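Thanks for asking me to look this over.

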Amino acid sequence: MSDREIISTFKYVSRMKPEFMLSELRAYLKEEASDRQIYETLRPHFFDLGTDVVAQDGDFRIVRADPCRKLELSDEEKQKNELFFDSAGVSRKLERLIEQYIEKKTAKSWDDTLVLEKVRKAIQSQKASYWKEGNSRAISYEKGYSILGYLAYQFPVYFVQFQYLLYELAKDGLLKTRMKILDVGSGPGTIPLAVTDLYNRLDGRSADIHAIELFDENIEAYNFLVAQYAAMKSNVMTGEPIKADITAMDIEKLPDNIDLMVFSNVLNELKGLDLQQKATIVKEMSGKLADDGNIILIEPADKTNSIEMRRLTIMLKRMGLRIYSPCSFIWSGECTLDTCWSFEQKKDIKPTRLMEKLAECDEPYRYMNTDIKYSYAILRKDTLSKQCFTVPGKAKFARMSRMDVHNKKRINVACSLMSGDLGDEKYRLYRICDGTSKKAVYAVLPSHNLNDENEAITRAAYGSILKIYNVLVKYNEANDSYNLLIGKGTTVQPLNPDKDDEADISGNSFDPHAC
């Protein structure tokens, strides 16, 4: 039985019937074929053929899908997700699946003393490798306990942080009611599990998830966790990962018209590749992206990896991809800062039961990982940008590339907020950028200067645009950077892009426009 005949027959039946069981297809085939053979042949094509698939009593129910359109969150969906993020963590069902996987791999209870000690050692080894530099930095998840260590320590944070990004895309109107997603370097299935979790809080939306993974241990964990978790609700379709090395794979074997392509904490772990080679991998894979699709790059928030990711992002911009967020080029120029350290920060997650059990030792802090800090970039083929405007030439705002001219003077600036509060109780400290910086620039707000006129900076979202008036420039020789000192007479205003005629204090208006 040829694949071509199975696909052709499926097309014929799906046109006739809006809903049917996959096993019914056998009656239309000229030759015998098992249900498993039929499913495996059709698995890569269900989504593109406009059908949804639901496992049912050892068979599969095929349902003609509604036409794909922009996903618009209902009030109920927003409420469900805001409630989740208010106290985010790994669901109890998924926690138990992970515990069951540990039991499957070790043939012992997940909280067995010996098992916990081996997981602790795996976590210690991974953390030690992570902080090495150069060729000595070799992070590997090829062995069983290294996967268990990852699931216990890194996974919960990565699982939640991706849901923040996916939810932001949904709020921005960049998701569709039917999504084709590719997770590059999937590991044990962190991104598919995160997508499934968020989609469990959506109604009538579906996702078809494809993944690439090299290591057998990761694929084994993926097949155990993702398949079972996705099966709890029928709106997410998954399959076994493509086993491949992303540095040498045939891109043509990837599905076409991908709506969302994810590189989560993977590019920094590609040993032996320079920045150009990593950028080439992303750029070549972007050829499989839908015209209105998104690429998400996510890396750890530490200085080394964050700076490297920003350099990679700018290189990809020069190669033809466009940055949707968080960077804004409000002066329509090219970013020249070579050491941009910028990251997002969110509320701590709830520790898992496994994490709490591992922390029952002499050094509990080594095994508790609940803070969410990450660097990311969202890239597209088109010109759409989250903050889509430029500062008009006559506006009285200083470019950050000219801070040396304005040292010890009071100026006005328009900028993106590129960090949360990095300071302490006495001084609030924020990384800011306008896309022209030659040196790092920070906004400094002493606590005693906080008032109604400048407190907007404390509430602004990461990547949002601010207008700061009457701020004092001071060069920080120790860090070779500039501090903009916010005083009691400083005004901080968030930009409202919906008001085309919004004017600044000196009468010059911003010019929101299609980027």
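1. Which element of the protein chain has the lowest mean pLDDT, and which the highest? Strand 20 (residues 511-512) has the lowest, at 37, and helix 12 (residues 353-358) the highest, at 98. Over residues 500-514 the pLDDT is below 50, although this stretch has 38 contacts in the model beyond near neighbours in sequence. For the protein chain, the average pLDDT is 90, and 94% of the residues score at least 70. Here pLDDT is the predictor's confidence in each residue, from 0 to 100, and contact means heavy atoms within 4.5 Å.

2. A word on ground rules. This is a predicted model, in which local features need pLDDT of at least 70 and side-chain atom pairs count only at pLDDT 80 or more, while totals for chains, interfaces and linings use all residues. Residues are numbered from 1 along each chain as its sequence is written, and side-chain values use heavy atoms, with hydrogens and water left out. Helices (H or I, at least four residues) and strands (E, at least two) are DSSP runs, numbered from the N terminus.

3. Have a look at helix 1 (residues 3-16) and helix 2 (residues 35-42), whose axes come within 10 Å and cross at roughly 85°. The two helices are therefore roughly perpendicular to each other (angles under 35 degrees count as roughly parallel, over 145 as roughly antiparallel, 65 to 115 as roughly perpendicular and the rest as oblique). Asp3, Ile6, Ile7 and Phe10 of helix 1 meet Gln37, Ile38, Thr41 and Leu42 of helix 2. Axes are lines fitted to C-alpha atoms, for helices over the stretch in contact, and angles run from 0 to 180 degrees between N-to-C directions.

4. Next come helix 7 (residues 155-171) and helix 8 (residues 190-199), which pack at about 55° with their axes 9 Å apart. That angle makes helix 7 oblique to helix 8. On the helix 7 side, the contact includes Phe155, Tyr158, Phe159 and Gln163; on the helix 8 side, Ile191, Leu193 and Asp197 are among the residues involved.

5. Not counting residues up to four places away in sequence, Asp197 touches Phe84, Ser91, Phe159, Gln163 and Tyr229.

6. Ile378, in strand 12 (residues 372-380), is also worth a click. Its relative accessible area is 4%, so Ile378 is buried. Leaving aside residues up to four places away in sequence, Ile378 touches residues including Leu169, Asn294, Arg322 and Ser325.

7. The peptide bond from Ser325 to Pro326 is cis, with omega near 5°, and Pro326 sits in the loop between strand 10 (322-325) and strand 11 (344-346). Asp57, in the loop between strand 2 (51-56) and strand 3 (59-64), has a positive phi near 50° without being a glycine. Asp480 also has a positive phi, of about 50°, and lies in the loop between strand 17 (465-476) and strand 18 (481-485). Asp57 is exposed, at 77% relative accessible area, whereas Asp480 counts as partly exposed at 36%.

Methods. Buried means under 20% relative accessible area, exposed over 50%, partly exposed in between (1.4 Å probe, protein chains only).
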